[in-house]
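Colleague: Could we go through this model together, starting with the ligand and then turning to the strands and the backbone?

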Amino acid sequence: MKCAIILAGGKGTRMKANGPKVMCEMLFEPMISYVIRAVKEAGCEDICVITGYEHEVLENYLPEGIKTAYQNPQLGTGHAVMMATDFIKEHEDDKILILNGDGPLMDAETINKAFAYHEENKNAITLVSALVDDLKGIGHIKRDENGTLLRIVEDKDANAEEKLINESNAGVYWFNGKELLYALERITNNNVQNEYYLTDSLEILINKGENVGAYVCENSEVILGANDRVQLNNLTTIMRRNINNKHMENGVDMPCTDGIMIGMDVKIGNGTTILPNTIIIGNTVIGENCVIGPNSYIKDGIVGNNVILDNVKLTDSEVEDGVDCGPFVQVRTGSKLCKNVHIGDFVEVKNSVVGEGTKCAHLTYIGDSDVGRDVNFGCGTVTVNYDGKNKHRCKIGNHVFLGCNTNLIAPVEIGDFAFTAAGSTITDNVPTNALSIARAKQVNKEGWVTIKKPYKGME
Ligand code: UD1
Ligand code: MG
């Protein structure tokens with residue numbers, strides 16, 4: 001069985017974050033969520049997260065089924081793993097993956113390749129490494145002239161010669177459970193930082209006579225971590241590019257990727273075009289041949305085929321095939337736009353179902369309403385859903401024609417084929433096939449201006 005320990009106790013002083021460092025977000029998701037995803041995808045069945053600084057925040061965030069061990073005070077990565085001794089004892093015959101929670105680009109593919117390498121070579125420890133350009137702050141992998149592993153030297157402890165070694169420790173290791181326990185008993189804090197370094201396990205297991213190895217990744221980007229906001233931005237840029245490229249390879253068109261940010265779990269059908277400044281996140285699914293953007297934000301949306309979302313903000317809502325929406329539209333939580341609905345500029349829809357073929361071309365609010373099919377909303381229609389205390393629903397039948405500037409004071413029902421006259425404030429139900437006029441009758445006062453002289457300069 002494979003299991004994993006994720007190190008996430010650190011404060012991340014250089015991030016200047018309020019909570020735990022691993023909760024800092026890369027592409028709108030905490031770094032640790034990517035690490036958990038990769039670990040699960042790599043087949044680790046039991047996961048323990050080491051918490052420390054503001055541990056409650058992390059405990060509340062972690063998905064069901066993930067164990068935690070609390071580290072206080074934080075005396076180094078080796079000390080962090082010691083906090084999981086009970087977990088390791090449960091898994092002493094298993095393979096244990098240990099990795100840093102602040103390395104969100106690590107992927108299941110690399111983890112699995114390192115695992116295969118670990119098994120083939122019957123290693124007690126296999127670490128993941130890569131050749132890097134930026135040598136600052138890394139753990140340098142020290143080998144002898146034959147390339148045999150000797151130890152990992154932390155940058156702070158390295159001498160001038162060791163500081164030039166460009167093979168960097170990723171902070172990702174496969175251990176055999178029993179050997180991990182053996183190493184933990186022997187790690188000391190005898191170094192510049194007075195910390196218990198997990199990295200010392202390598203030398204400890206070499207001295208024990210065990211097989212050890214380093215799996216060197218071809219793609220050095222996967223080992224990058226973030227210690228400050230600039231590095232975090234760099235990771236986001238890499239992740240964003242990787243995700244955009246994956247969609248383009250699947251037939252999604254992005255004529256210009258500026259400002260396009262797509263979350264890990266988003267699915268987009270082929271033939272769809274994404275235009276600049278569009279953010280698509282959460283569990284969003286978008287169909288084929290759509291045009292999404294420019295300047296759109298979609299979170300947890302289900303979008304059918306042949307849909308246009310132009311300058312739209314849509315959250316937790318469903319849009320069926322052939323819908324044309326925008327520009328400058330907000331579709332809020334719990335809404336459904338059925339087939340071929342047209343929503344034009346400056347319209348908000350909230351917690352409402354809008355039936356097939358209904359048109360709402362401009363300046364309208366549809367809130368807490370059930371709208372039938374082929375309804376026409378005149379410009380400026382408002383469903384008045386809030387009385388200051390409670391929200392109420394409107395029910396609008398099929399083929400209804402709502403004149404411009406109709407107010408529907410909820411709760412109210414409009415029957416099929418009914419008309420409302422422009423400017424009406426409808427407080428009572430309107431029966432099927434009726435015309436409802438709810439406004440003051442027009443009065444023309446002839447010659448009023450000549451008598452009253454209301455304008456400046458009139459004597
Ligand atoms: C560590 C490695 C270094 C490697 C680098 C890769 C050690 C000693 N060094 O250094 O060789 O190149 O990762 O990114 O392991 N943490 C705890 N408790 C602690 C200390 C740290 O939970 O007491 C957690 C942190 O929250 C973080 C992870 O362990 O998620 C790594 O700690 P960090 O201080 O970032 O280690 P690095 O200096 O980056
Ligand atoms: Mg780090």
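This is a predicted model: local features need pLDDT of at least 70, side-chain atom pairs count only at pLDDT 80 or more; totals for chains, interfaces and linings use all residues.

Colleague: How many residues surround ligand 1, and how do they divide into nonpolar, polar and charged?
Modeller: The shell around ligand 1 holds 22 residues, and Gly-9, Gln-71, Thr-77, Glu-154 and Asn-169 are the closest. By class, the shell divides into seven nonpolar, twelve polar and three charged.

Colleague: What share of the accessible area of ligand 1 does the protein cover?
Modeller: On its own, ligand 1 has 750 Å² of accessible area. The space taken by the ligand is the largest pocket. The protein covers 84% of that area.

Colleague: Which elements give two or more residues to the shell around ligand 1?
Modeller: One of them is a helix and the other a strand. The helix spans 77–82 and the strand 167–176. They are helix H3 and strand E10.

Colleague: Which strands stand at the edges of the open sheet of nine strands, and why is one side of each left without a neighbour?
Modeller: The sheet has parallel pairing and runs in the order E13-E16-E19-E22-E25-E27-E29-E32-E35. Each edge strand has a single partner strand, so one side of each has no neighbour in the sheet. The edge strands are E13 (267–268) and E35 (412–414).

Colleague: Within that sheet, which residue of E32 stands opposite Asp-370?
Modeller: Strand E29 covers residues 369–371 and strand E32 residues 394–396; they run parallel and are joined by three bridges. The residue opposite Asp-370 in E32 is Lys-395.

Colleague: Which residue of E24 is the bridge partner of Leu-314?
Modeller: Strand E18 (residues 297–299) is joined in parallel to strand E21 (residues 312–315) by three bridges, and Ile-298 has Leu-314 as its bridge partner in E21. E21 also pairs in the parallel sense with strand E24 (residues 329–332), over three bridges. There, the partner of Leu-314 is Val-331.

Colleague: Where does Pro-73 lie, and which residue does a cis peptide bond join to it?
Modeller: The loop holding Pro-73 runs between strand E5 (67–70) and H3. The cis bond, with omega about 0°, joins Pro-73 to Asn-72.

Colleague: What is omega for the cis peptide bond that joins Gly-326 and Pro-327?
Modeller: Pro-327 lies in the loop between strand E23 (324–325) and E24. For the cis bond that joins Gly-326 to Pro-327, omega is about 5°.

Colleague: What is the phi value of Asn-295?
Modeller: Asn-295 is found in the loop between strand E17 (291–292) and E18. Its phi is positive, in a residue other than glycine, and is near 55°.

Conventions: Residues are numbered from 1 along each chain as its sequence is written. Chains are lettered from A and ligands numbered from 1 in the order in which they are written. Side-chain values use heavy atoms; hydrogens and water are left out. A residue is near a molecule or strand if one of its heavy atoms lies within 4 Å of it. Accessible areas come from the Shrake-Rupley method with a 1.4 Å probe; for residues, only the protein chains shown count as cover. On a 1 Å grid over the protein atoms alone, a cavity is a set of points where a 1.4 Å probe fits but cannot get out, and a pocket is an open set with protein on both sides within 12 Å along at least five of seven lines; lining residues have an atom within 4 Å of a point. A molecule sits in a cavity or pocket if more than half of its atoms lie within 2 Å of its grid points. Helices (H or I, at least four residues) and strands (E, at least two) are DSSP runs, numbered from the N terminus. Ala, Val, Leu, Ile, Met, Phe, Trp, Tyr, Cys and Pro count as nonpolar, Asp, Glu, Lys and Arg as charged, and the others, Gly among them, as polar. Two strands pair if DSSP finds at least two bridges between them.
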